[in-house]
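Subject: Handing over the structure, with notes

Dear colleague,

I am passing a structure on to you, and below it you will find my notes on what turned up in it. Please read them with the model open beside you.

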Amino acid sequence: MEAAYVYQDFPHQSFSYLYTVHAEDGEDCYICKIVEMFEAVDGDLYFTAQWFYRAQDTLRCFFLCILFTNSRRDCLVAKLNIAKVSLNVDLEAKNKEIPSCDYYCDMLYKLEYSSFTNLPPEGKANASKEASSTISDDNPDTVNGANSGSEDASLPDLYSGCGAMSTGLCLGANMAGLRLVTVKMGCGYKYACESLQWNHPQTKVRSESAEDFLALLEEWERLCASFSSSKSENLERQGRGEEDENEDGDGEVFEVEKFLAICYGDPKEKGECGLYLKNYGPEEDTWEPLDGLGDCLECLKDFVTSGFKAKILPLPIDVDAICGGPPCQGISGFNRFRNKDNPLQDEKNKQLQVFMEIVEFLKPKFVLMENVVDIVKFAEGYLGRYALSKLIHLNYQVRMGMMAAGAYGLPQFRMRAFFWGARPNQKLPQYPLPTHDLVLRDVIPVEFEMSTVGWEEGKKIKLEKKLLLEDAISDLPSVGNYEDKDVMDYDNDPKTEFQRFIRLIREANFRDFPGVIVNSGNKVEWDPNVERVYLESGKPLVPDYAMSFVGGSSSKPFARLWWDETVPTVVTRAEPHNQAILHPVQDRVLSIRENARLQRFPDYYKLFGPVKERYIQVGNAVAVPVSRALGYALGLAYQGVVSNDEPLTKLPPRFPNISEKASSDSSQDNS
Ligand SMILES: C[S@@+](CC[C@H](N)C(=O)[O-])C[C@H]1O[C@@H](n2cnc3c(N)ncnc32)[C@H](O)[C@@H]1O
């Protein structure tokens, strides 16, 4: 097919030699940039093409892909022009910048780590044009260049749990010379917040849900704007109106000396959700809704203006980075009612959208989102794709990488997905390369295989020896079944040689108990010749469900971990019925501290709440060396000392066994 020539040149703004290429019947044509034409040995004309990738949600936007292939010349259909535009704030603004063209392109796409980054400048003239190509001065992307590492950078940690993610990020950023300060966490639950507050005494911990946190931020912005100028008079007038209404109503008048705090939610637990202020009253401090405070505008003004100065809450563009692991229980394999057709409609996955709404509102320079690998497995990776495309839609450069915690100095495999986002004027953070040997054991879908963070295959790298469970916990004191002490003294020097334990029986589990036999089909049966054994409590030593679990073929019930193994993942429920979580030599599940060691929480990291809650906090956490490694990458990107073309970076030698100066708000870890 001959090419139809519609090509028109836009100096410095468009690509040259762009063609549509025949696709399958009924499909839109593919679009490519011709890199070179050549004659093959058969005498036919061929061309090398660099392909464009179609953005599904807009008609005209394409991403330039790094993929190059050769095709026959007669596949070409028509010549096109595609404008090259910078990644600007919104489509309306972008449209002004786009010259008349068939399509436009604003990002470079690479299969590796599903990366979408700024288009590379083509020559100097182009580069300077790109750098100055901004829409307006309140645009968060106006300032182009590196940030100073000497100033504190702010990091709200959303869904913070007990704070492992931001703890590691702060420590890692510090290693790269950036003082990252965790602020104002939107976090769900009481006990996790207590743990967070104890371990991060200088951090202002907020305990509302993420959705209330977002509503609060929106209200706070409105209040700050209202008191910033003559608008405050409007608010005063409005307030007086409300006051009159209030007098007509229940007539309650509040006497307020000053306001102490602000929240969005239902602090009085009366089923009345809204914006509340905490009053310092003559008798006691109380939460009152903003609507009823028409009489207290001076106090409110003082509170808002001083709160604005003290940055008690982040405002849009104030924030340097946001991190968070929004829970997506709707994708868990344990959930039999998963909504495969539309995972975003599932209430259990709602937090992914809330997280993105907070990003959209605060417009931080950097975003780091963590999630389970199911995010790219469930429903053909629907939610993983949603996260990437949502960030792109919000004008972020993005990439996604799967990191196994065990590759960073832990005796735990724990594969998780990490999504980086960076505004167009920032460098996109990289993924830290593994430092420790590890055998990969999770299955990543083929489409995302190129997102597994690792060294190039075949490259000869001397990695540290993989870590084993013993390396982490064998020096801890014994814990009896009825132990009620929360804190125990060390009774041993630290020791790491696992050989001493090598003679113990491997893979011990309920199958080794008296009365149980394993048949030739590897299934368990009761031994008819042995009387069932009962414990002192009257309960059977081997419960029925252990025998029937997975049709009797599983060795997981009451299975022991082993000193010389890498633990699959630290779990949130300390229930040994269907998972191997028993201590290698003591008859009990791993303790909270032992699990915390496996996540590499420093021993001083104290956890609060009932036992069950503390197991959850530790099991939910991002493994500390992983967040620390990511923090190092963030520190480098923040200071602009990385290349967008290179998705990976090396960690300093001896990571994670190196100390760094911890930022005062993050932690005192020097491990
Ligand atoms: C996967 S964990 C995050 C762990 C954390 N990033 C860490 O490294 O320790 C998710 C956390 O979100 C909290 N959470 C659940 N629903 C929430 C909501 N609506 N708003 C805020 N936090 C919520 C859970 O209590 C849990 O602590």
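What volume does the second largest pocket have? It comes to about 1900 Å³. Before going further, please keep in mind that this is a predicted model, in which local features need pLDDT of at least 70 and side-chain atom pairs count only at pLDDT 80 or more, whereas totals for chains, interfaces and linings use all residues. Residues are numbered from 1 along each chain as its sequence is written, and side-chain values use heavy atoms, with hydrogens and water left out.

**Pocket and cavity**

The spaces were searched on a 1 Å grid over the protein atoms alone: a pocket is an open set of points with protein on both sides within 12 Å along at least five of seven lines, a cavity is a set of points where a 1.4 Å probe fits but cannot get out, and lining residues have an atom within 4 Å of a point. Grid points are joined across faces, edges and corners, and a volume is the space filled by probe spheres set on the points.

The second largest pocket is lined by 50 residues, of which V479, G480, N481, R588 and V589 are the closest to its centre. Two or more lining residues come from each of the elements α13 (592–598) and α14 (611–620), where helices (H or I, at least four residues) and strands (E, at least two) are DSSP runs numbered from the N terminus. By class, the lining of this pocket holds 28 nonpolar, six polar and 16 charged residues; here Ala, Val, Leu, Ile, Met, Phe, Trp, Tyr, Cys and Pro count as nonpolar, Asp, Glu, Lys and Arg as charged, and the others, Gly among them, as polar.

As for cavities, the whole structure has six of 30 Å³ or more.

**Salt bridges**

A salt bridge is counted when a side-chain nitrogen of Lys or Arg lies within 4 Å of a carboxyl oxygen of Asp or Glu, and the search of the whole structure finds 18 of them. In one of these, the side chains of E288 and K268 meet at 3.0 Å, N to O. E288 belongs to strand β15 (residues 286–289) and K268 to the loop between β13 (258–265) and β14 (274–280), so this pair ties together parts that are 20 residues apart in sequence. E288 is buried at 6% relative accessibility, while K268 is partly exposed at 34%; buried means under 20% relative accessible area, exposed over 50%, and partly exposed in between (1.4 Å probe, protein chains only).

R560 and D587 also form a salt bridge, at 2.5 Å from N to O. Both lie in the loop between α12 (544–548) and α13, so the pair ties together parts that are 27 residues apart in sequence, and D587 is exposed, at 57% relative accessibility. D603 and R597 form a further salt bridge, with their closest N and O atoms 2.8 Å apart; D603 is partly exposed at 29%, whereas R597 is buried at 17%. Finally, salt bridges link D44, R72 and D74 in a network.

**Aromatic rings**

Rings of Phe, Tyr and Trp (its six-membered ring) pair if their centres lie within 6.5 Å, and planes under 30 degrees apart count as stacked, over 60 as edge-to-face and the rest as tilted. By this rule there are twelve aromatic pairs. The rings of Y30 and W51 have centres 6.3 Å apart and planes at 85 degrees, so they form an edge-to-face pair. Y30 is in strand β2 (residues 30–39) and W51 in strand β3 (residues 45–54), so the pair ties together parts that are 21 residues apart in sequence. Y30 is partly exposed at 34% relative accessibility, and W51 is buried at 14%. Elsewhere, ring pairs join Y53, Y109 and F116 into a cluster.

**One residue to look up**

V304 and A225 are 79 residues apart in sequence, yet their C-alpha atoms are 9.7 Å apart in space.
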